[in-house]
Every structure is written in C-alpha cells, then in structure tokens.
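Subject: A structure for you to look at

Hi there,

Here is the structure I promised to pass on to you. Have a look around it, and then read my notes below.

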Amino acid sequence: MLARLRLRFEHIPRDLWLFIAVVAATGFTTNVIESTFNNFLSETYNLTGMARSVLELPRELPGFTVVFVSALLFFLSSRRLAAFSMFLQAVGLILIAFFAPKFNIMLAWLFIMSLGQHLFMPLSSAIGMELAHAGKEGRRLGQLNGIRTFAAIAGGGLVVVGFGYLKFTFAVTFTIAAVCLVIAGVLMLFMKPKAAPPAKMRFILRREYSLYYWLTILFGTRKQIFITFAPWVLVTIYGKPTAIIAVLFTIGSIIGILFQPFLGRMIDRLGERTVLAVEGGVLIVVCLGYGFAKILFGDAGFYIAASCYVLDMLLFSFGMARATYLKKIAVIPAHVSPTLAMGTTIDHVFSISIALASGVIWLTFGYQYVFAIGAVIASLYGISALQMRLPVPKRV
C-alpha cells in the first residue's frame, strides 16, 4: 500500500504540488484574519454600529471591481495575476497592522487587502481546473477545497493557541498571515506561466454564458442572506452567544474536509445540472428552517436552525459545479478565467443590494420574510439549474 501511495504521489505534477501549497496557505490565512478581525476593529477603534456598517463598503466593493482590475492587468496570465493578488493582500495586512492609527486610514488599507482576496477568488477555480484531467475538474476542485478547509481549521487553531497561551497581538497575527501570503505568492511565481489572453479577452459578457450569469446573480443574493442574516438569527432570535457560531463553523469545516472531495466526484459523475438542482432543493429547506423553526418548535427550533447553518456552509461548496459548468460551455478555454471574474463582479452587485433590501424587510415585516424570500430565490435557482444543456461533443 505504501509503495502504491508513493507511486501515486510521484506522478503528481510539480505545478499541482505548488498550487496545493498555495491553496493551503490561503485557507490558513483567511481563517486567521476572519477569526481576529472583528475583535481587532472593536478593541482598536471602538466602533459604533453605524461605523461597522460603513466598513462593509470598502470590504465588499473590491468584489465588484474584480472584472475591471483584471481587465487593466490583461498582460498578466492567471497564475501571475494570482501571485499579484497574494502580494496585494500581504501589503494590505501589514499596513493595517502597523500603519492604521485612525479608522479612516484603515479603510483604505482594508480596500487593498480585500481587492487581493477578491481577485484570487475566481482565479482559484480557474487554475484548479487547469490542473485537472479532462472530465475530472469537479474532483480536482473538491480535493483543493478539502485541503483549504483543513488548513482553515489549522488557522483557527493558531488563533486559539496564540491568543490563549502565547500572548499574540493583532499585529503579530496579521504579520504571520502576511508572511504566509508572500510565500504563497512566491510559489505562484514558480508555477509555469500560461500565456496571458489578449486585452479584449479580459472583459467578457456573452450571450452564450447567460445562464451562468443568472445562476451567479441568484447565488449572490442567497450568499448574502447566509453571511449577514443566518448568524444574526442564531444570536438575536435564539439568544445564543457568538461562541456558538464559532462551534458550528468548526463543525461545518470538519465535515467539509471529507464532503468537498466527495462532492467534486459527484459533479463529475452526476453532472452539474443534477448537483445544482439538488443544491436549490436543499436550500429551500434551509431557508424555511431558518425562518420558521422558532414559530413551529419554540426554543427547540434552535437545533433545526443550527443544523441549517452547518448545512448552509456545506452548500457553498456547490459553487464548484458552476465553475465546471462554465468550463464545459466556454466557447474557447481563454474565456473561463475572465468570465469567472465577471461572475464575481455580478455576484457582488446583487449581494450588496440584497443585504440592504433584506435589512429593511427584517425591520419592517420580520426576519421570517427575509428567509421566505430566500426560499423563493432557492426555488428559482433549482429550476434554473434544470435548464442547463451541455454542448454535445463532436465526433471525430
């Protein structure tokens, strides 16, 4: 068995090993940052609720600008652009750690860091699929996401040990994360570069990809409901401390280590149409659980809502199927990376909008209506996924 494993590892290409290390580094640093950033804001700047709301603009606006920044950097291949995104995140983190005495200054550095994060999001899927065998793209993305999740748990462990026993400061934590990002950027530079597509390829909006864009719009609206309002239900409706959310996040991450590679294989075996339709169906149940478990079951409804939270985390992995679907319908391979970037921009246009609209609905009508709308969006998502048609391979 050991000989078989050694033989298998020996056949893994050098570029794949490098990208595995990059994915692990990004998973590690993302959780280190996310686990500490809210405490950093609170302890450093004593933010009011309004100031915390304002923070979301420089944090999410880079997601909208991804396609435009990618177009400006048309002369970089996807792998070199990924390296640039790592260095950009690292610079932003160091500036936040040591050169942000005032909140307004910190917002500028946050924009830089967040731009690096958002630039890498579509590139991660594009490069992962480049490193897969034909027809095995879902499996490869599942493996990489499993590695990312495992590394994220290690990042959370560092925060617990560092702040609990090693007297870490926020500056130390952000510096460690920045060093990991620099290493990841250097590793990306060691990967073989692919030719950068022409400038006209960097800004793509084509009719052939309209279903992909539509699914991205629906995902953007559903995503923000989870990120903003799902934990708020657990905290305000059920009165649970934020530590409970951290426990649920850890449970979801542990399950995700095994679930994401499994899901990747299912995408290759069953196809994107089936997998995304299942996602839509399960998401309907999740939204109804968030919105109506308390009404139907009282305080015991928390266990249903908590289960929905973990399940919702796992549903985010289904985004792999949208990426592999795009690769299969792409008119030419060079369209994949810029179209994924366009998807990130479209996603953020609608996610920011739905956050504002849902906040008004929550205050005016009640939280149940936010999730009722989420269930409608999930229904549209599932029905839309059933409209997928893949091109028939040409016979030779």
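The charged end of arginine 322 sits over the ring of phenylalanine 219, 4.1 Å from the ring centre. For a charge to count as sitting over a ring, NZ of Lys or CZ of Arg must be within 6 Å of the ring centre and within 35 degrees of the ring normal. Before going on, please note that this is a predicted model, in which local features need pLDDT of at least 70 and side-chain atom pairs count only at pLDDT 80 or more, while totals for chains, interfaces and linings use all residues. Residues are numbered from 1 along each chain as its sequence is written, and side-chain values use heavy atoms, with hydrogens and water left out.

Back to arginine 322, which you will find in helix H12 (residues 319–329). Helices here are DSSP runs of H or I with at least four residues, strands are runs of E with at least two, and both are numbered from the N terminus. Arginine 322 is buried but has no salt bridge, and glutamate 279, the nearest side chain of opposite charge, is 4.3 Å away. Buried means under 20% relative accessible area, exposed means over 50%, and partly exposed is in between (1.4 Å probe, protein chains only). A salt bridge needs a side-chain nitrogen of Lys or Arg within 4 Å of a carboxyl oxygen of Asp or Glu. For charge, Lys and Arg count as positive and Asp and Glu as negative, with His and the chain ends not counted. Leaving aside neighbours within four places in sequence, the contacts of arginine 322 (heavy atoms within 4.5 Å) include Tyr212, Leu215 and Tyr381.

How many salt bridges does the structure hold? There are nine. In one of them, aspartate 312 joins arginine 222, with the closest N and O atoms 2.8 Å apart. This pair links distant parts of the chain, as aspartate 312 is in helix H11 (residues 301–315) and arginine 222 is in helix H8 (residues 210–237), 90 residues apart. Aspartate 312 is buried at 2% relative accessibility, and arginine 222 is buried at 6%. Lysine 294 and aspartate 299 also meet in a salt bridge, at 2.7 Å from N to O. Here lysine 294 is partly exposed at 24%, whereas aspartate 299 is exposed at 61%. Elsewhere, salt bridges link Arg14, Asp15, Arg79 and Glu130 in a network.

Now for the aromatic rings. Rings of Phe, Tyr and Trp (its six-membered ring) pair if their centres lie within 6.5 Å; planes under 30 degrees apart are stacked, over 60 edge-to-face, and the rest tilted. The count comes to 18 aromatic pairs. Phenylalanine 37 and phenylalanine 40 make a tilted pair, with centres 5.8 Å apart and planes at 35°. Both lie in helix H2 (residues 14–45), three residues apart, about one turn of the helix. Phenylalanine 37 is buried at 1%, and phenylalanine 40 is buried at 5%. These two belong to one aromatic cluster, whose members include Tyr45, Phe103 and Phe163.

Finally, the cysteines. The structure holds zero disulfides, a disulfide being a pair of cysteine sulfur atoms within 2.5 Å. For cysteine 308, the nearest cysteine sulfur is that of cysteine 287, 8.5 Å away. Cysteine 308 is buried, at 7% relative accessibility.

Enjoy exploring!

Best wishes
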